[in-house]
Amino acid sequence: MLSPSGRIAAVLSCIMLLVTCYISLYSRHLFSITFTEKHHVSREATPELRTDLDDELNYRARPGVQTRTPWNASIMWELMFDNNLFDRHHKKANTAVALTVFAVGRYLEAYLKTFLTSAEEHFMLGLPVTYFLFTDLPEKVPNIKLAPHRNIQVVKVEKYSRWQDISMMRMKTISEVIDTVLQHNFTYVFCFDVDQIFKARFGSEALGESVALLHAHYYKLPKYRFTYDRNSKSKAYMTEGDYYYHAAIFGGTCEKVKALADYCYANIMEDKINDVEALWHDESHLNKYFWLKKPTKLLSPEYCWDNYISDTTDILIKRLVWAPKDYEKLRTG
């Protein structure tokens, strides 16, 4: 239990964060007006999307891996889908995609240029894409040559003193930008960690209402080895689950991603008041959310692979890989 003075300190900390939220919301409102006037994007003219594209998937193309969940959601692997079928559908539907990525502190210099240049080579090619880049150093964002109908929007954010807070508080920012900008202008939003490199097609077959990613290090392990938060004091506490999901990538419609972000942020804040921190921060809360609200599509580890894993039997293509990391340098200073 917290002492009275400790509880007061925790409450004051939350009040300060709420004040920051109000200021941030006002800034996002101004940004929303600027973005809409500049790009003149409207989803009102977007035709109604078909919902049966996954009926065209070849679930028997990959007999060595699981291609459907128990609730009948698709798990996307190479050879299961026709690239052209998905691309034609989404071009006809005028699908527009927003990508959010955070590059705060030393992560900007270490990873951002490679992330963006590789995304331009492989992410949702042929579709309108806007990168929403959140950083504390907007003046240091590199100039990247973009293809037609692809844009970058830079949004300045606060740099928190602890990297754990940077990771967790992104959920608040994602919710705000969806509420003020994305829901009015984009069909789907994908949220990425910046310390990743696109290596092959990451295309429209990945789009869906609620999209989760199977963690490369856990997808073959028995469930008892999943690193869910086992602390009953945390809102992320879990005793069972379906899969272990990786928070490095998640996506879906604006409505579904906002619901996920709001859930995670609310529970992170409640944990803070109670002086609790989930084991794997926002990833623990994300796993709890997807246990309660099942995703409608799962991406296989081909969509986010760690090259340090020696067993690549199931991996026919590496669409995106983890960038080399030096956490001692990145997370200090």
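**View 1. The contacts of D195.** Beyond the neighbours within four places in sequence, D195 touches Y107, Y111, W322, A323 and K325, where contact means heavy atoms within 4.5 Å. Please keep in mind that this is a predicted model, in which local features need pLDDT of at least 70, side-chain atom pairs count only at pLDDT 80 or more, and totals for chains, interfaces and linings use all residues. Residues are numbered from 1 along each chain as its sequence is written, and side-chain values use heavy atoms, with hydrogens and water left out.

**View 2. Where D195 sits.** Look for D195 in the loop between β5 (188-193) and β6 (196-198); strands are DSSP runs of E with at least two residues, helices are runs of H or I with at least four, and both are numbered from the N terminus. Is D195 buried or exposed? D195 is buried because its relative accessibility is 8%, and buried means under 20% relative accessible area (1.4 Å probe, protein chains only). V101 lies 94 residues from D195 in sequence, with 9.7 Å between their C-alpha atoms.

**View 3. The largest cavity.** A cavity is a set of points on a 1 Å grid over the protein atoms alone where a 1.4 Å probe fits but cannot get out. The whole structure has 1 cavity of 30 Å³ or more, and the volume of the largest cavity is about 40 Å³, counted as the space filled by probe spheres set on the points.

**View 4. The lining of the largest cavity.** Among the lining residues are S210, F250, K256 and Y289, lining residues being those with an atom within 4 Å of a point. α5 contributes the most, with 3 residues.

Note on methods. Buried means under 20% relative accessible area, exposed over 50%, partly exposed in between (1.4 Å probe, protein chains only). On a 1 Å grid over the protein atoms alone, a cavity is a set of points where a 1.4 Å probe fits but cannot get out, and a pocket is an open set with protein on both sides within 12 Å along at least five of seven lines; lining residues have an atom within 4 Å of a point.
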